[in-house]
Amino acid sequence: MFSKILLLVVAVAAVVADEVPDFVIKGKCPAVDEQRLWQQQLPRHSSFGGVWYQQAISTNPYQLLKKCVRIQYDYNGKGFDVKTAGITPEGNQLKRKGVLTPMPLGDPHLMINLENSFPAPLVILDTDYNNYACMYSCMDYNYGYHSDFAFFFARAPEAYDKYIAKCRAAFDSIGVDSNRLIKTEQGRGCDYEQLTKLIKDEL
């Protein structure tokens with residue numbers, strides 16, 4: 001509840017200042033058939049575990065990593081222990097820990113909770129578990145606004161065009177403009193071996 005109030009304060013303050021950030025949007029969260037997705041995905045949740053690379057993300061002030069973002073989901077029987085590492089806008093390596101769990105009150109989606117951030121709902125819009133995942137988070141407020149965040153993950157540092165197209169289609173299908181997503185720098189210039197050691201607490 002505190003996290004939602006905090007986001008609301010940020011949103012209202014931005015509106016009052018006539019400076020609405022990209023992630024605060026007038027209107028309600030788009031309609032998503034979360035129940036159908038949840039029923040399809042729940043039996044295969046363990047398959048979502050492992051390593052993912054962030055390929056693109058919409059404007060998100062709570063994502064402290066800028067490039068070379070590597071995420072590790074370790075399935076624990078119910079949800080996932082999360083470790084993510086990458087490079088900050090200042091050029092420093094940073095690791096964050098958290099959990100990805102089913103919603104405690106039974107809502108048909110996951111909840112992501114990373115350190116130095118806030119708990120937020122997270123829906124897997126589309127995934128084949130082996131190559132790509134399209135993730136979406138949205139929260140409604142009382143003043144006719146909502147905040148939302150979109151993510152595109154791949155199992156490899158570079159994603160094939162066909163998987164990019166699948167996530168574009170997934171976001172566009174619920175009325176979220178896929179052009180809002182900003183490419184995350186991966187590949188050359190990323191020391192994944194060192195980031196892996198950082199995640200494993202070897203540094």
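The questions below concern the disulfides of this predicted model.

Local features need pLDDT of at least 70 and side-chain atom pairs count only at pLDDT 80 or more, while totals for chains, interfaces and linings use all residues. Residues are numbered from 1 along each chain as its sequence is written, and side-chain values use heavy atoms, with hydrogens and water left out.

Visitor: How many disulfides does the model have?

Guide: A disulfide is a pair of cysteine sulfur atoms within 2.5 Å. By this rule, the count is three.

Visitor: How many residues apart in sequence are the parts that Cys29 and Cys138 tie together?

Guide: The sulfur atoms of Cys29 and Cys138 are 2.1 Å apart, forming a disulfide. Cys29 lies in the loop between strand 1 (24-26) and helix 2 (34-41), and Cys138 in strand 8 (residues 132-140), so the parts tied together are separated in sequence by 109 residues. Here helices (H or I, at least four residues) and strands (E, at least two) are DSSP runs, numbered from the N terminus.

Visitor: Is Cys68 buried or exposed?

Guide: Cys68 forms a disulfide with Cys190. Buried means under 20% relative accessible area, exposed over 50%, and partly exposed in between (1.4 Å probe, protein chains only). At a relative accessible area of 1%, Cys68 is buried.

Visitor: Which helix holds Cys167?

Guide: Cys167 forms a disulfide with Cys134, with their sulfur atoms 2.1 Å apart. This pair links distant parts of the chain, 33 residues apart: Cys134 is in strand 8, and Cys167 is in helix 3 (residues 161-173).

Visitor: What is the pairing of the bonded cysteines in sequence order?

Guide: The bonded cysteines of the protein are numbered in sequence order. The pairing is then 1-4, 2-6, 3-5.
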